[in-house]
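Here's a quick tour of a protein model, written for someone just getting started. Have a look at the sequence and the 3D view, then read on.

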Amino acid sequence: MLKPIPTPTRELVNLDGIWRFAIDSRVGDEPWTGRLQTPLEAAVPASFNDLFTDPEIRDHVGWVYYQRTVRVPRGWAGERILLRFDAATHAARVYVDDAFMGEHVGGYTPFDIDLTDVVSAGGEFRLTVAVSGDLTNETIPPGKIEVGVTGRKKQTYFHDFYNYAGLARSVWLYSTPKLRIDDVTVVTGFEGTTGTVRYEVKAVGAGDVRVRIADAQGEVVGAAEGAGGQIEIPEVVLWKPGAAYLYDLTIELTDGGEVVDSYTLPVGVRTVEVRGYEFLINGEPFYFTGFGKHEDTPVRGKGSDDAYLVHDFQLLDWIGANSFRTSHYPYAEEVIEFADRHGIVVIDETAAVGLNMGVVGGMTGKPPFPTFSEQYANDRTRAAHAQHLRELIGRDKNHPSVVMWSIANEPASNEDGAREYFEPLVTLARELDPTRPLTYALVMFANTKNDQIIDLFDVVSLNRYYGWYVATGELDVAEDYLERDIQSWVERTGKPIMMSEYGADTQPGLHSVWDQAWTEEYQRDYLVMHHRVFDRFPQFVGEQIWNFADFATSNGVHRVDGNKKGIFTRDRRPKSAAFALRDRWRGLDGRKPGTTQ
Ligand code: GCB
């Protein structure tokens, strides 16, 4: 799916700003048939939950409405006119004046609504978007809506981060020509000093395709004709972790010799491969350092924010991190583009978090009923998961920073039915993208004896909390558990292994001379212990700490003002462990600690 960008043949108007806002229980049944009668206004992009002081809005279950007036630019006569929602969390229904125009389910991937037949250049229309943050066992991520004794609906879910909802990413009105470039897929490689860019263009309507590639100075270094083909780049400059280099691939659709559509895509030339127990980027072993992150900031919730985007990447650089996982959902495409430009490596994760009834069973991991059953993760859940995978890979397939797909976080891979559920999804992901390795983040109840799906994947990503949820305050015991656990995966799989989550909640300012949970020293020593263990395993390919920053969680007694496993606080101040990490990570250049190659 092509991101809307201005080109010589395309225009776009940003619709961010202040929109009228209401929740369904405060307005009539069909608020889109007129001006929304509401005193409230909401910021877009932002999750709506933390904008208002009213608790009924914050934890609202059901639809909320966003509305604004939109004017179509005068010059768009004869063009296709579309709305692009970068995301609407988790479902949206879109109305133009009184008419229903379309809907989308899935809260973290973009969608278009085609308005060509209903709006006109220079005209104005009322845009109403109904958005629902509801989660059920057939959505990705799953959740459950319960009705309490007071008759009020309550949303519960099987992940700890707060279920922020609304229009948290940008909204656009854009034009394309009728005869158009609909999609492009690139796959890059290199042989010696010659780079290759294989491309495939999908065009709608007749027309011929020609492409050219320019280097970072704008000099054209290769060209080709036809909807599919390969361009060679002599003396290629590779895209490398920590040393991004992007070419511009310009695609032109011509009709009778005249350019009718054109689109420019940044392209990084690099390869990714898993070989034995190594994870190779451009044929060289790569060691991931970094974090599982969240899109989470005060007031805006999951709302995109360029200032935080820039600052977070500054902090990644400051601490020497070379990568992150988009835990636990696809992030805004601007984040991935930023990573492309700055050489940060991304593990791109779907929103499939919580496919695990074992987490409801607490530390016993005993599910109250089977996860993979009609009652919970059923065929319709899997269909939603498959659709989500299509949309994620469709959006992010061309980003050089994305080196692996994580198709779920902590699914019940230890339960019966896991294989039947995941095998078709793995097949689909490999069809959609045969070039990138696949992984999933393994829950602690899934061990080498009971996990049923690891052989389908390329990399073992372990989420483990030895020294936190298990053996709390006993780092020597935790060290022993951790080492045995990793050793068992080495023996079972022969695949590369990385730690996709390990972390300790830490209250900034709390100190102790003993191994005391929640103190800054404990977080630091907990990490030092882990790193000692990782460095004993040549099969280990990376460490991503849980979490980059503290983040908001659902209400409950097990968290004090959110999850505090951040190395940075929610307002991005470093805790003590940040300095120890900086000492370990800086200057590694993607090499495994203690190695020179
Ligand atoms: C996990 C989850 C993550 C939680 C984390 C925690 O295993 O994957 O979403 O936030 O544990 O802190 O408990």
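UniProt, in an unreviewed entry, places the feature "domain: Glycoside hydrolase family 2 catalytic" at residues 272-587. UniProt positions follow the numbering used here, feature names are shortened, and annotations may be inferred rather than shown by experiment. Keep in mind that this is a predicted model: local features need pLDDT of at least 70, side-chain atom pairs count only at pLDDT 80 or more, and totals for chains, interfaces and linings use all residues. Residues are numbered from 1 along each chain as its sequence is written, and side-chain values use heavy atoms, with hydrogens and water left out.

**The two annotated domains**

- Over residues 272-587, the chain is 32% helix and 16% strand, and the end C-alpha atoms sit 22 Å apart. Helices (H or I, at least four residues) and strands (E, at least two) are DSSP runs, numbered from the N terminus.
- UniProt also places "domain: Glycosyl hydrolases family 2 sugar binding" at residues 14-177, again from an unreviewed entry.
- The span 14-177 is 2% helix and 43% strand, with its end C-alpha atoms 19 Å apart.

- Strand β5 covers residues 80-85, and six of its six residues are buried. Buried means under 20% relative accessible area, exposed means over 50%, and partly exposed is in between (1.4 Å probe, protein chains only).
- In a regular strand, side chains alternate between the two faces of the sheet.
- In β5, R80, L82 and R84 are on one side, I81, L83 and F85 are on the other, and all of them are buried.
- Which way does β5 run relative to strand β12? The two are antiparallel, joined by six bridges, with β12 at residues 171-176. Two strands count as paired if DSSP finds at least two bridges between them.
- β5 also pairs with strand β8 (residues 111-114), in the antiparallel sense and over four bridges.
- F85 has a bridge partner in each of these strands: V171 in β12 and F111 in β8.

**Strand β29 and its crossovers**

- Five of the five residues in strand β29 (residues 497-501) are buried.
- β29 pairs with strand β28 (residues 460-463) in the parallel sense, over four bridges, and V460 stands opposite I497 of β29.
- From β28 the chain passes through helix α6 (residues 475-493) to reach β29, making a right-handed β-α-β crossover. Right-handed means that, with the strands pointing away from the viewer, the path from the first strand over the helix to the second runs clockwise.
- β29 is also joined to strand β30 (residues 540-546) by three bridges, and these two run parallel.
- Here I497 turns up again, standing opposite F540 in β30.

**Around the ligand**

- How many residues surround the ligand? There are 13, and the closest are H328, E410, Y469, E501 and K565.
- An N or O atom in the side chain of D160 is 2.8 Å from an oxygen atom of the ligand. A polar contact is a pair of N or O atoms within 3.5 Å; within protein, one must be able to donate a hydrogen and the other to accept it, and residues adjacent in sequence count only if both atoms are side-chain atoms.
- W546 has a polar side-chain atom 3.0 Å from a ligand oxygen, and R559 has one at 3.0 Å from a ligand oxygen too.
- On its own the ligand exposes 320 Å², and the protein buries 89% of that. Accessible areas come from the Shrake-Rupley method with a 1.4 Å probe; for residues, only the protein chains shown count as cover.

- Most residues other than glycine have a negative phi, and most peptide bonds are trans.
- The peptide bond from S327 to H328 is cis, with omega near -10 degrees, and H328 is in the loop between β24 (323-325) and α3 (333-342).
- Another cis peptide bond joins W546 and N547, with omega about 5 degrees.
- N282 is not a glycine, yet has a positive phi of about 55 degrees; N282 counts as buried, at 9% relative accessibility.

Key
Near = heavy atom within 4 Å.
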